[in-house]
Amino acid sequence: MMREGTSVTIEGVTAGYGRGHVLESISLSIEPGEMICLLGPSGCGKSTLLRVLAGLHPQEPGAGEIRLSGRIVNQLPAELRRTAMVFQRPQLFPWLSVAGNIGFGLKMQKLPPDLIRQKVEEALHLVQLEGYAARRPDELSGGQAQRVALARALVTTPDLLLLDEPFSALDENLRGEMRHLVRQLQRELHLTTIFVTHDQTEAAILADRIALLLDGRLAQFDPPRQFFTAPNSREVARFFGWQLLERPDGTLALRPELIRLRLPSDSPDPLCQDPLHGSILTVTDLGLRITSVVQLDTGQLIEVAEDGPRPVSPMPGSRVRLDYPPQAIVHFTEP
Ligand code: ADP
Ligand code: MG
């Protein structure tokens, strides 16, 4: 089932629902076989972009181009685009068996029954559900039902797999397992995939590159680590948990994991040019991770995340100094 892989080029795509634009001139290029996480807060336009790509929602007439392996698909109806979608809910037909659900699209295409059976078997094997062909949807767990939805998407051998928050209804352990399955399959099949999530950790675990969408605009498109080392704007930094301090000369963004809490009497860190001073407001000691909120003498609040365990946790009310190495900060000076 190994394929060449499909490239996706989105150029200046704008879309909305009548009043105003939900997506404002989105441009991004995706390599064949790449796993992209489309990340952003609720309402920023992630599902809209997936629907536009699948041909299920119109883009503004004349605004932008979508190309799959170089071919413009703007005018192509959904059923001819060779994309497949998986949603948060599996949306299985309750009256059909697992095999009936997975093979439904192939049956509509009037493929011979033997071929359908063979393809359904292959798809069940991919999602590790051999032996489940005859089950009804109400005999499946949430995770199994979502595997069936994934098999139903894969059985059509799509050029582009679109997943819209597919695991957000599952519990945390299961979510980890399902992520692993999707990542492994998409690598094996060299299947270009766009995975929508609002969870930055999920995006960082899964993605070759993260496309961060803020308020209908592509804010940054980079490998995950860049968002933790080189956010390109205050908004991106804020979304990725950087602590922002407003200063007369601009905004200082600090990485909370790299800040060190020190007592005022501790010897100064030679690498830290400009330590901050304040008092501890709250401490959350989770053993391996200790998160403290510090009120700086300027009044601003800042969060510090330290590795634990520590013999003694800092006490609320204590005076502290915050040291940080140069790589812990990014300066934004433009307005
Ligand atoms: P996300 O998936 O990132 O949460 P959506 O793409 O679903 O965001 O929605 C983006 C914006 O478009 C939101 O403000 C939402 O209210 C609006 N929207 C989504 N679907 C519709 C619709 N069918 N009609 C009108 N507005 C919509
Ligand atoms: Mg959505």
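**Figure 1. His190, a partly exposed loop residue of a predicted model.** His190 counts as partly exposed because its relative accessibility is 25%; buried means under 20% relative accessible area, exposed over 50%, and partly exposed in between (1.4 Å probe, protein chains only). His190 is found in the loop between helix 5 (172-188) and strand 8 (192-197). Helices (H or I, at least four residues) and strands (E, at least two) are DSSP runs, numbered from the N terminus. The phi of His190 is positive, near 50 degrees, although the residue is not a glycine. Most residues other than glycine have a negative phi, and most peptide bonds are trans. The structure is a predicted model, in which local features need pLDDT of at least 70 and side-chain atom pairs count only at pLDDT 80 or more, while totals for chains, interfaces and linings use all residues. Residues are numbered from 1 along each chain as its sequence is written, chains are lettered from A and ligands numbered from 1 in the order in which they are written, and side-chain values use heavy atoms, with hydrogens and water left out.

Figure 2. Ser69, found in the loop between strand 4 (65-68) and strand 5 (71-72), has a positive phi of about 45 degrees although it is not a glycine. Ser69 counts as partly exposed because its relative accessibility is 46%. A cis peptide bond, with omega about -10 degrees, joins Gly308 and Pro309. Pro309 is found in the loop between strand 16 (301-307) and strand 17 (319-323).

**Figure 3. The surroundings of Glu34.** Glu34 is found in the loop between strand 2 (23-30) and strand 3 (35-39). This residue counts as buried because its relative accessible area is 8%. A polar atom of the Glu34 side chain lies 2.9 Å from the backbone nitrogen of Glu31. Leaving aside neighbours within four places in sequence, Glu34 is in contact (heavy atoms within 4.5 Å) with Gln186, Leu191, Thr192, Thr193, Asp208 and Arg209.

**Figure 4. The residues around ligand 1.** Oxygen atoms of ligand 1 lie 2.7 Å from a polar backbone atom of Gly43 and 2.9 Å from a polar backbone atom of Lys46. A polar side-chain atom of Ser47 is 2.8 Å from an oxygen atom of ligand 1.

**Figure 5. Helix 1.** In helix 1 (residues 46-54), 7 of the 9 residues are buried. The buried residues are Lys46, Thr48, Leu49, Leu50, Val52, Leu53 and Ala54. Gly55, which follows helix 1, has a positive phi near 80 degrees.

**Figure 6. The nonpolar cores.** A nonpolar core is a set of buried Ala, Val, Leu, Ile, Met, Phe, Trp, Tyr and Cys residues joined through side-chain atoms within 4.5 Å. The largest has 51 residues, and those with the most contacts inside it are Ile102, Val127, Leu150, Leu154, Leu161 and Phe240. Helix 4 (residues 142-154) supplies the largest share of this core, 7 residues. A second, separate core of 28 residues includes Ala15, Leu53, Ala211 and Phe221.

Note on methods
A polar contact is a pair of N or O atoms within 3.5 Å; within protein, one must be able to donate a hydrogen and the other to accept it, and residues adjacent in sequence count only if both atoms are side-chain atoms.
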